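Me: Hi! Could you walk me through this one? I have a few quick questions.

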Amino acid sequence: MLAKDFCWGASLSAHQTEGAATEDGKSPSVQDCRVRDDQIADFTVASDHYHRYREDIKLLAGLGIKALRISLPWTRIIPAGVGATNPSAIAHYRDVFATMHAYKIEPMVTMYHFDLPQNLQDQGGWTQRQTVDAYARYARVLFENFGDQVKYWLTINEPNIMLLADQKILGFTYTHQERYQAFYHLMIAEKKAFALCHQLLPQAQIGPVPNISYVYPGSAAPQDIRAAEYFNAVRNWAYLDFSVQGRLNPLFQNYLRQTGIDLQILPEDQELVTTNFPDFLGINYYTSVTVEYPKQDQDRLSGVSDQQSEDVYEKGFYKGLTNPYLQKNDFNWTIDPLGLQTTLEVINDRYQLPIYITENGLGAYDELTADHQVHDPYRIDYLKQHLQSIQQAVASGVPVKGYLPWSALDLVSVHEGMRKRYGLIYVDRTEQDLKDLARYPKDSYYWYQQVIAKRGVDE
Ligand code: BG6
């Protein structure tokens, strides 16, 4: 059983759920603009959460959750990314937060979840220092307008995945050098948010929200162990070491040197980086990654990963491979609950900060029956095994303070559109057919309700 004050919750992001992409003064973000296969749903309507948030929050309150993680869309609040704020967006989200509080649900707010204003992207996006300044201004606007309603802030969703993922999916394409410069700017932007939050909202807490999975070596061969250490440094520790310890990870620095990357670092960064730190860690976890030393050079010069799967490669450093000990989900992601426990233990060993699991869940093909039920035992299995792992980690001394699975309701998957569903609540639409967008709790919803009531799962 987990502690009485354990924070049971659920997670969403704005661009994947809200829709209303051109309403209420919203401008396009890189997510609205990226061109996808015609078969994949876009974000114009998504799950229509922008219009149905009251109904959704009420339904989620029925789970007994204490927290709901949502993200705020930068281009609704400051449509051009810089310049004027949009009063009707501020009023909208003040009502969203008031509705959550009416149901005793604490908002946990991701300030930016992949949806950079397209206007900033057109000027170079995160490769440019001015985007750091724009983000800092946006952070100030959020703290000033919602600081009385929101206690828990998350800076930037998964900057490490923004570095590694197929960048077309994320709405931009950078060169190798630009990619790492953008990563550095994201890390600096986060530090500015820590500083501002602590200055303006001393009662609030703020943390990073990377996607962390401990990287395994493919074998006991010393070169494979080194490959795993390097990919751990690039994928996991570069970001968290900078955020929590204010240092550039040495293996990461060596990797940068050897791949010919020269980061532009300003003298004034030093003080910012070494004096501003998070209060807690938000950790997203879906799968683990296994790598080996690349024996032959491949066609590609450097690695672009399909987000979290095996498609990772960096010449002379590491290459992803299929882990023969693990099963996969319908979308080729390995399922590794024990990997979550290991990941949590290693994170705790390195950083000793309270941890909230801010994303964890199973993307699957769900079917709505004629009597409006969704039987998703596969999702229940996945969530149960990961919760068992969390309970074991807590028993071994890791301060996990909350669990906010992905996702509260069905949403548009970043890679796969509407066909890959994560929700505890079904949203009745398909890729192309919007139907009536009605909400139906899945079996996993009722299961999670019981888990919350019992404060955990059986070991
Ligand atoms: C996380 C993102 O990395 O992965 C979510 O924060 C995303 O936004 C989730 O939905 C699952 O990825 P996908 O591609 O299956 O939607």
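Reply: Happy to. A word on terms to start with: helices are DSSP runs of H or I with at least four residues, numbered from the N terminus. Also, this is a predicted model.

Me: Good. Which helix does L240 lie in?
Reply: L240 lies in α10, which covers residues 222-245.

Me: Is L240 buried or exposed there?
Reply: L240 is buried, because 21 other C-beta atoms lie within 10 Å, and the cut-off for buried is 20 or more.

Me: And what does L240 touch, leaving out residues up to four places away in sequence?
Reply: On that count L240 touches P210 and Y351. There is also P208, 32 residues from L240 along the chain, with 8.1 Å between the two C-alpha atoms.

Me: Switching topic: which residue does UniProt list for "active site"?
Reply: The UniProt record, an unreviewed entry, lists E359. E359 is found in strand β13, residues 355-359.

Me: Buried or exposed, that E359?
Reply: Buried: E359 has 23 other C-beta atoms within 10 Å. Setting aside residues up to four places away in sequence, E359 touches S11, N284 and W406.

Me: What packs against the buried residues of α13?
Reply: Those residues pack against β7 (281-284), β13, α14 (377-395) and β14 (400-403).

Me: Which residues of α13 are buried, then?
Reply: P337, G339, L340, Q341, T343, L344 and I347. In general, an α-helix has 3.6 residues a turn, so residues three or four places apart point the same way.

Me: How many residues does α13 have, and what span does it reach?
Reply: Helix α13 (337-351) has 15 residues and reaches 21 Å from its first C-alpha to its last, close to the 21 Å expected at 1.5 Å a residue. Q352 follows α13 and has a positive phi, near 45°.

Me: Now the open sheet of four strands: what is its order?
Reply: The order is β6-β8-β10-β9, and the pairing is mixed. β6 (215-217) and β9 (313-314) are the edge strands, each pairing on one side only.

Me: How many bridges join β6 to β8?
Reply: Three, and β6 and β8 (residues 289-292) run parallel. P217 has V291 in β8 as its bridge partner.

Me: Last one: how many residues surround the ligand?
Reply: There are 15 residues around the ligand, and the closest are N157, G363, S413, V414 and H415. The shell divides into three nonpolar, eight polar and four charged residues.

Methods. Residues numbered from 1 in each chain as written. Predicted model: local features only at pLDDT ≥ 70, side-chain atom pairs only at ≥ 80, totals over all residues. UniProt positions renumbered as here; feature names shortened; annotations may be inferred. Helix = DSSP H or I, 4+ residues; strand = E, 2+ residues; numbered from the N terminus. Buried ≥ 20, exposed ≤ 12 C-beta atoms within 10 Å, placed from the backbone. Contact = placed C-beta atoms within 7 Å. Expected span 1.5 Å × (residues − 1). Near = placed C-beta within 6 Å. Nonpolar A, V, L, I, M, F, W, Y, C, P; charged D, E, K, R; others polar. Pairing = 2+ DSSP bridges.
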